[in-house]
Amino acid sequence: VNAFTQPSQFVVRSACRPLLYTTSLSATPSDENEPLPEFDDNEAEDRNDDEADKFLEKAQQLREQIRQMESQIGEDRRARYVEKMENDNNADDEDDDDDTPKKKSLKGKRVLILGANGRLGSMITRYLLRTYGSEIKEAVAAVHFVGQATTRGYGRLSYEVGAEDGVGTIGAAWSSEEDRNANFQFDPETMGGYHLNKLRIVEVELLDPVQVQTITEDVDAIIYCATDFDGNRPKAVASLNAAFLFRAIANPTKGRVEIEGLRNCLEGLTATVNDQKWKEQRRMAKYVGESAAEVAAASNTATSTKKKSTDPTQFVLVSTCPDAFSNFETPFGEFNGMKRQGEKIVLDEFPSLSYSVLQMGKFDDNFVEEGQELQFADAEEDTIVVDGVICAARTEENVKKAEQKRINRRDAARAAVDALLNEDIEGKKVQVYTKVGVTDIW
């Protein structure tokens, strides 16, 4: 067969595929002169452009639909979240089925006691653990020290909370240093209701803002009973404490526990509240898929730090009645004047915090029995300003009365802890006492 004159069929096969295509070849002279098919390049390009435009338009439509769906989902989530927060905030006030108002509670709360190594502070820690230990999340007992860590006051705190009620041994004084220490083991039969598992002890220099901010992180309430005084006299003078005396001489401008230390604690607590607010904004932002700033701008209700009616009072300051002690002059000011300055800081400088200021009567553990009914009286204004400094002003009327409010320390501890839950004295400065006797101030 002449392959150049006769049309033939050739089959091209692939190793991978059985049959790709079939073509017909003809080698006649007429085939050489036959014109090739004509193609319109512009028409093909126009067709391709139209198809691309259609795909682009379709993609834009899909993107717009996705945006609308995401926006709708975000709005629905935000609406549900805001509604949930509003319901949580108003549940205690607007309950149609239960007209009984909700009471304050310490359930799941972390309470910080500042000055826990003092006589009153250790009793406050004891009362808090024994009375509300099953409810609270944690009781943080802050031991104030000066200059360096110290065990001063640990013995009193250990005794009050019952850490020494377990089974223990005490080494002889002539024993080696290791054997001479006292060791106690937990006795569940005796110490089961002490709730010592809820107690955490920390050391802090209250005049160091960084340390104070650290210990105030994530606390819900603070009871402030720390002081630089023993009675109305500075501890450096009253007990000849070398650490306090050295600080007073070497660094007299460092500050006072009643003023600068108090302000440090209030600033730390305020920072904690603001941090909780920011965490709440971030949590909502993650929930609705937006930034925290957008969330804060979109809803004031869901990101507010409005205190619930069941939350405890955030700050309780333990101070003294004007008639409890006579004035004692210090290089930093009068005793009563410094107490009033601290009270003014709580009342005026931190309006975002809920507070109660307790002016305790003179502590009398010998002639005033414990367990008596607490009595409250409105605090009297007894200050004057001299050269820009708040000072105490004892009136002639109080002197003529020759009366003095008194209270047992254990009742004072009970009043300080119960103030966290006492709605009647929240936002007030009140005098607290159990007995009125003849004054010993002349």
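Student: In which sense do strand β19 (residues 403–407) and β21 pair, and over how many bridges?

Tutor: β19 and β21 pair in the antiparallel sense over four bridges. The model is predicted: local features need pLDDT of at least 70 and side-chain atom pairs count only at pLDDT 80 or more, while totals for chains, interfaces and linings use all residues. Residues are numbered from 1 along each chain as its sequence is written, and side-chain values use heavy atoms, leaving out hydrogens and water.

Student: What makes β19 and β21 a pair?

Tutor: Pairing requires that DSSP finds at least two bridges between two strands. β19 and β21 have four bridges, so they qualify under that rule. In one of these contacts, Q404 has G437 in β21 as its bridge partner. Strands are DSSP runs of E with at least two residues, helices are runs of H or I with at least four, and numbering starts at the N terminus.

Student: Why are β15 and β21 called edge strands?

Tutor: The open sheet has three strands in the order β15-β19-β21, with mixed pairing. β15 (362–363) and β21 (435–438) each have a single partner strand, so one side of each lacks a neighbour in the sheet.

Student: Which strands stand at the edges of the open sheet of eight strands?

Tutor: That sheet runs β7-β4-β3-β8-β11-β14-β20-β16 with mixed pairing. β7 (199–204) and β16 are its edges, each pairing on one side only. From one strand to the next, the twist averages 25 degrees. Within the sheet, β8 (residues 221–224) and β11 (residues 315–320) pair in the parallel sense over three bridges, and I222 has F315 in β11 as its bridge partner.

Student: How do you know that E349 and R263 form a salt bridge?

Tutor: The term needs a side-chain nitrogen of Lys or Arg within 4 Å of a carboxyl oxygen of Asp or Glu. For E349 and R263 the N to O distance is 3.1 Å, so the pair meets the cut-off. E349 lies in the loop between α12 (335–348) and β14 (355–360) and R263 in helix α9 (residues 257–288), so the contact ties together parts 86 residues apart in sequence. The structure holds 15 salt bridges.

Student: Why are helices α3 and α4 described as they are in direction?

Tutor: The axes of α3 (residues 119–132) and α4 (residues 154–161) come within 9 Å and cross at roughly 25 degrees. Axes are lines fitted to C-alpha atoms, for helices over the stretch in contact, and angles run from 0 to 180 degrees between N-to-C directions. Angles under 35 degrees count as roughly parallel, over 145 as roughly antiparallel, 65 to 115 as roughly perpendicular and the rest as oblique. α3 and α4 are therefore roughly parallel.

Student: Which residues of α3 and α4 meet?

Tutor: Contact means heavy atoms within 4.5 Å. Among the residues that meet are R119, S122 and M123 in α3, and R156, L157 and E160 in α4.
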